[in-house]
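My entries follow in the order in which I made them.

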Amino acid sequence: MASESENQIQIPSPSPSLSQPQPLQDRVAIVTGSARGIGQAIALHLGSLGAKLVINHTSSKSTHEAELVASQINNSLSSSLNNNNNNTPRAITIRADVSDPTQLKSLFDKAEEAFNSPVHILVNSAGIIDSKYPTIANTSLEDFDNIFRVNARGAFLCCKEAANRIKRGGGGRIILLSSSLVGALKPGAAAYTASKAAVETMTKILAKELKGTRITANCVAPGPIATELFFTGKTEEQVKRVIEESPLNRLGETKDVAPLVGFLATDASEWVNGQVIRVNGGYV
Ligand SMILES: NC(=O)c1ccc[n+]([C@@H]2O[C@H](COP(=O)([O-])OP(=O)(O)OC[C@H]3O[C@@H](n4cnc5c(N)ncnc54)[C@H](OP(=O)(O)O)[C@@H]3O)[C@@H](O)[C@H]2O)c1
């Protein structure tokens, strides 16, 4: 398990230049599920590339963590260089459940209002797993429905809202988190894996449906990453087994995923569209 000091937020060091705009300068990005875990690292990374950020979470428990992420971005060097004496913060927090259409619509409304701009980038990192890791025979209908509600319905609503509202004509990006389990097909996570397979399918179709908008849609599919979602419900022995399966002999870290999402968010990635990109150290 990570120690407390290891869990402290590390903001990637920005390399801003006064003469050169940053790759995501002043673009508005919503990152769902960014109070902690992979979403948090993605939000901090996009912030270091110049984006204005909406830090989203769903539980009241993580309100403080979400505010901490926003203040890391607002207090960063890149932020002070980019803000040009503008008093609007570069990062705000919005609590919303991605599986609720009204809350998701309001997430976009508030983002547009706060930054007086359309949203350019949506990253959907919100997700849950059944930490009992049951076989299909032992999966309750309630758990199945809950996983599909957040992971598949949540992703669908994110895609739907983003497709209607993200800026057209260049720079529009939709990036959804899937999982390398869709390739590994391990026993004990069927509902979760199937929900992510649905996300991958929707993303590929969405990319085609967005023809003519210059909005791209892609999935990033990590392997095992050291976050709460990964550790919950696993014994030390089970964690050790996952590490042994990895060609690089370690778990992934959130910083192994964020740069890929950062690239997909920039103009340089425009030709990457409708793809599922696995980032897993060779796990599958
Ligand atoms: N960690 C891995 O090994 C791994 C591997 C492959 C794919 N992934 C995927 O990567 C994504 C991030 O996972 P993670 O490991 O970073 O998980 P995590 O550490 O558990 O963080 C999950 C985040 O999602 C938020 N969230 C959960 N349900 C939500 C909802 N209904 N609406 C809005 N936000 C919600 C949580 O909000 P609160 O803080 O308010 O609870 C939290 O901020 C997930 O989609 C996951 O399936 C993870």
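I count two strands as paired if DSSP finds at least two bridges between them. Helices (H or I, at least four residues) and strands (E, at least two) are DSSP runs, numbered from the N terminus. The model is predicted, so I noted its limits: local features need pLDDT of at least 70 and side-chain atom pairs count only at pLDDT 80 or more, while totals for chains, interfaces and linings use all residues. Residues are numbered from 1 along each chain as its sequence is written.

**Strand S1.** I looked up the partners of S1 (residues 28–32). S1 pairs with S4 (residues 121–124) in the parallel sense over four bridges, and Val 31 has Val 123 as its bridge partner in S4. S1 also pairs with S2, again parallel and over four bridges; here Ala 29 has Leu 53 as its bridge partner. Between S1 and S2 the chain passes through H2, and this β-α-β crossover is right-handed (with the strands pointing away from the viewer, the path from the first strand over the helix to the second runs clockwise).

I then checked burial, taking a residue as buried if 20 or more other C-beta atoms, placed from the backbone, lie within 10 Å of its own, exposed if 12 or fewer, and partly exposed in between. Five of the five residues of S1 are buried. Val 28, Ile 30 and Thr 32 point one way, and Ala 29 and Val 31 the other.

**Core.** A nonpolar core is a set of buried Ala, Val, Leu, Ile, Met, Phe, Trp, Tyr and Cys residues joined through C-beta atoms within 7 Å. The largest has 73 residues, and Ala 29, Val 31, Leu 46, Leu 53, Ile 55 and Ile 174 touch the most other members. H6 gives the most to this core, seven residues.

**Phi angles.** Most residues other than glycine have a negative phi. I noted two residues with positive values. Leu 185, in the loop between H7 (181–184) and H8 (190–209), has a phi of about 50°. Asn 249, in the loop between H10 (236–245) and H11 (254–265), has a phi near 60°. Leu 185 counts as exposed because it has 11 C-beta neighbours inside 10 Å. Asn 249 counts as exposed because it has 9.
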